[in-house]
Amino acid sequence: MCGIVGYVGRKQAAGILIEGLKRLEYRGYDSAGIAVLEGGELRIVKCPGRISRLAERVAAESVGEHAVVGIAHTRWATHGAPTGANAHPHADCTGRIAIVHNGIVENYAALKQLLVEKGHSFRSETDSEVLAHLISEFYNNDGCETIERAVQMALREVTGTYGLAVLCADEPDKLVAARKGSPLIIGVGADEYIVASDASAIVEHTVNVVYLNDNEMAVLDGQGLRTLTIDNVPVSKQVQQIEWSLEQIALGGHQHFMLKEIAEQPEAIRTCISGRLLARENRIQLGGIEQLSRELVKTKRVILTGCGTAWHAGLIGEFLFEDLARIPTEVEYASEFRYRNPIIEDGTVVIAISQSGETADTLAALQEAKRRGALALGVVNVVGSTIARETDAGVYLHVGPEIGVASTKAFTAQVVVLALMSLYLGRRRFMSEAQLRRYLEALEAIPGQMKEVLGYSEAIQQTVARYVDCENWLFLGRGYNYPVALEGALKLKEISYIHAEGLPAAEMKHGPIALIQEGMPVVFVAPRCGTYEKILGNIEEVRARGGHVIAVATEGDEQIARCAEHVFYVPDCPVPLQPLLTVLPLQLLAYHAAVARGCNVDKPRNLAKSVTVE
Ligand code: G6P
């Protein structure tokens with residue numbers, strides 16, 4: 001995700017800022033930039049690509065040799081491709097105010113229009129740039145006396161989230177920072193302050209920090225540090241100590257990126273639905289496909305395509321589109337689709353699902369579909385990636401970089417986006433207001449429910465420890481939870497090298513039941529749903545043959561506890577959203593199995609994060 005660093009002190013700011021950006025590199029980014037105050041002027045350098053490239057440009061242009069105040073940013077694109085123009089910092093029209101921003105300005109389109117009408121001209125496609133112009137409008141035209149006042153006034157107009165740092169050439173030696181929903185920490189050194197979105201950019205300077213809470217801001221200048229609310233009420237803050245090492249901080253205290261990304265899911269899903277799920281208006285807004293909404297409502301057939309985990313998300317998408325939007329839907333392995341002779345008729349929409357947006361097979365399938373006249377959409381995480389660029393429109397996941405090779409948060413976000421798309425079309429086709437409201441309320445509750453399930457990690461670890469030497473596992477589920485069973489098996493295979501198979505539960509009796517013998521672990525994904533009773537029958541069949549039954553079930557289900565040896569509970573939610581919760585214990589199960597077997601969790605053997613070859 002994006003990273004912020006800011007500096008006010010006596011040392012050369014540019015060097016400290018670049019070092020800080022390098023500390024944030026592990027988070028993943030696609031462009032970076034820096035702004036310093038020098039000789040009463042703002043100097044900004046920004047470019048796509050690596051921090052080393054930015055550092056070269058800063059050195060070549062002799063930027064910041066005498067500057068002692070500055071802000072810097074690593075960007076993970078959300079609105080607009082990763083270009084120099086879209087990179088932060090963003091300046092206002094006068095070139096005297098610069099900002100760096102993490103988060104999303106949900107009402108940026110309306111604010112931008114207003115600012116354009118007032119004569120502001122925009123240079124980027126980002127939502128963040130509106131903040132620079134809005135602050136400038138209050139500072140230069142609405143008579144705010146200080147830059148912090150202008151920041152307060154501007155933030156009152158903003159719907160969304162922010163970690164924000166602001167410089168103003170008219171008030172040199174001052175840095176203003178503000179936070180809502182996106183972390184911001186202030187390192188307190190001797191005669192210096194370092195603002196950062198992540199402690200890893202601070203620890204090499206100081207362990208003394210002040211944490212800003214939501215709706216708080218800080219003004220840092222020669223007189224020290226002042227903290228106040230964005231409504232201008234002073235707040236006193238305690239200086240606290242960071243206790244982690246640098247490496248721990250990069251991983252946010254987690255042992256592996258996979259575990260970090262599993263744990264990030266509640267927040268990632270919150271970001272993914274933010275600005276899209278408008279519960280108060282009982283409406284879904286999907287900016288990326290809005291311009292095609294009329295055409296999409298008339299869709300006659302959807303083909304979902306992807307590879308690996310993305311294909312599993314597609315399988316759930318098939319249920320979602322058919323159930324919630326009543327559109328006939330198929331799922332295709334991208335690698336197979338591209339070599340078939342697929343029939344694409346009028347009204348066929350092909351949706352490519354990909355975390356990286358670079359998977360060669362998915363890209364080729366997309367190109368084949370387009371060649372045959374399909375309308376092509378993307379459900380992609382990496383903004384500006386090849387698949388995102390080649391689709392006619394799409395919906396980004398917005399979950400930040402996924403570093404662990406085994407996909408986790410991208411999977412749940414893919415399911416969320418497919419659910420949003422199905423509901424968006426469903427409502428326009430036949431779904432009642434009341435039905436939609438029920439789903440939107442349930443979707444909004446998912447991040448909180450995810451948090452609850454992730455809290456059972458230790459219990460899952462203990463259960464896994466008992467079976468970690470078993471070399472063959474089965475994962476079974478039905479309906480929406482059959483793709484979850486496939487995903488659970490894939491996760492286990494990928495990172496622990498245990499052989500696992502996922503199946504629709506009723507298929508077991510048509511062959512795989514022959515595998516079941518004394519001591520074999522069999523995982524049933526069995527929350528309450530239409531086929532629940534049938535699954536109980538399958539559980540008995542496994543027990544009768546000496547298999548160990550591990551079940552994922554709905555909270556409060558005592559019946560299943562009587563026949564399964566171990567039960568991992570998930571909170572109740574509407575059946576179409578169950579995969580978002582039932583997959584979590586399976587991600588944790590695979591993770592703990594891999595750790596127990598001493599495997600390289602984040603970089604499993606033979607696998608690559610992004611497979612750009614056929
Ligand atoms: C590779 C990865 C999988 C991933 C698949 C699709 O095989 O190891 O984890 O699911 O590619 O990747 P994509 O970036 O297109 O989602």
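Biologist: What is the strand order in the sheet that holds β17, and is the pairing parallel or antiparallel?
Modeller: The order is β18-β17-β19-β20-β21, an open sheet of five strands with parallel pairing. This comes from a predicted model.

Biologist: What makes β18 and β21 edge strands?
Modeller: β18 (329-333) and β21 (393-396) have a single partner strand each, so one side of each lacks a neighbour in the sheet. Neighbouring strands here are turned against each other by 20 degrees on average, direction ignored.

Biologist: How do you know that β20 and β21 pair?
Modeller: Count the bridges. Four of them join β20 (residues 375-380) to β21. Pairing needs at least two, so the strands qualify. Within this parallel pair, glycine 378 is opposite glycine 394 of β21.

Biologist: Which strands does helix α12 touch, and at what angle does it run to β19?
Modeller: α12 (residues 360-371) packs on the sheet against β17 (301-306), β19 (348-354) and β20. Its direction makes about 165 degrees with that of β19. Angles over 145 count as roughly antiparallel, so that label applies to α12 and β19.

Biologist: And α14, what does it touch?
Modeller: α14 packs on β17, β19, β20 and β21. Its angle to β20 is about 140 degrees.

Biologist: Which residues touch the most other members of the largest nonpolar core?
Modeller: Met421, Trp473 and Phe475, in a core of 97 residues. Helix α14 (residues 409-429) gives the most to this core, 13 residues. Phenylalanine 475 has contacts beyond four places in sequence, including Ala485, Leu492, Leu503, Val523, Leu586 and Leu589. In soluble globular proteins, nonpolar side chains tend to be buried together.

Biologist: Why is isoleucine 539 called buried?
Modeller: Its relative accessible area is 0%. Beyond four places in sequence, isoleucine 539 is in contact with Phe524, Val549, Ile560 and Cys563. From isoleucine 539 to phenylalanine 524 is 15 residues in sequence and 7.6 Å between C-alpha atoms.

Biologist: Why are α1 and α2 described by that direction label, and what is the crossing angle?
Modeller: The axes of α1 (residues 13-23) and α2 (residues 51-60) cross at roughly 170 degrees and come within 10 Å. Angles over 145 count as roughly antiparallel, and α1 and α2 are therefore roughly antiparallel.

Biologist: Which residues meet there?
Modeller: From α1, Ala14, Ile18, Leu21 and Lys22; from α2, Ile51, Leu54, Ala55 and Val58. Seven are nonpolar, one is charged and none is polar. Lys counts as charged, so Lys22 is the charged one.

Biologist: What is the strand order in the sheet with β5, and which strands are at its edges?
Modeller: Six strands run β5-β6-β7-β8-β12-β13 in an open sheet with antiparallel pairing. β5 (90-91) and β13 (224-229) are the edges, each pairing on one side only.

Biologist: What makes β6 and β7 a pair?
Modeller: Six bridges join β6 (residues 97-102) to β7 (residues 162-168). At least two are needed, so they pair. Isoleucine 97 has cysteine 168 as its bridge partner.

Biologist: Which helices lie across β6 and β7?
Modeller: α4 (residues 129-141) lies across β5, β6 and β7, at about 140 degrees to β6. α5 (residues 147-156) lies across β6, β7, β8 (175-180), β12 (216-221) and β13, at about 145 degrees to β7.

Note on methods
Residues are numbered from 1 along each chain as its sequence is written. This is a predicted model: local features need pLDDT of at least 70, side-chain atom pairs count only at pLDDT 80 or more; totals for chains, interfaces and linings use all residues. Side-chain values use heavy atoms; hydrogens and water are left out. Axes are lines fitted to C-alpha atoms, for helices over the stretch in contact, and angles run from 0 to 180 degrees between N-to-C directions. Helices (H or I, at least four residues) and strands (E, at least two) are DSSP runs, numbered from the N terminus. Angles under 35 degrees count as roughly parallel, over 145 as roughly antiparallel, 65 to 115 as roughly perpendicular and the rest as oblique. Contact means heavy atoms within 4.5 Å. A nonpolar core is a set of buried Ala, Val, Leu, Ile, Met, Phe, Trp, Tyr and Cys residues joined through side-chain atoms within 4.5 Å. Buried means under 20% relative accessible area, exposed over 50%, partly exposed in between (1.4 Å probe, protein chains only).
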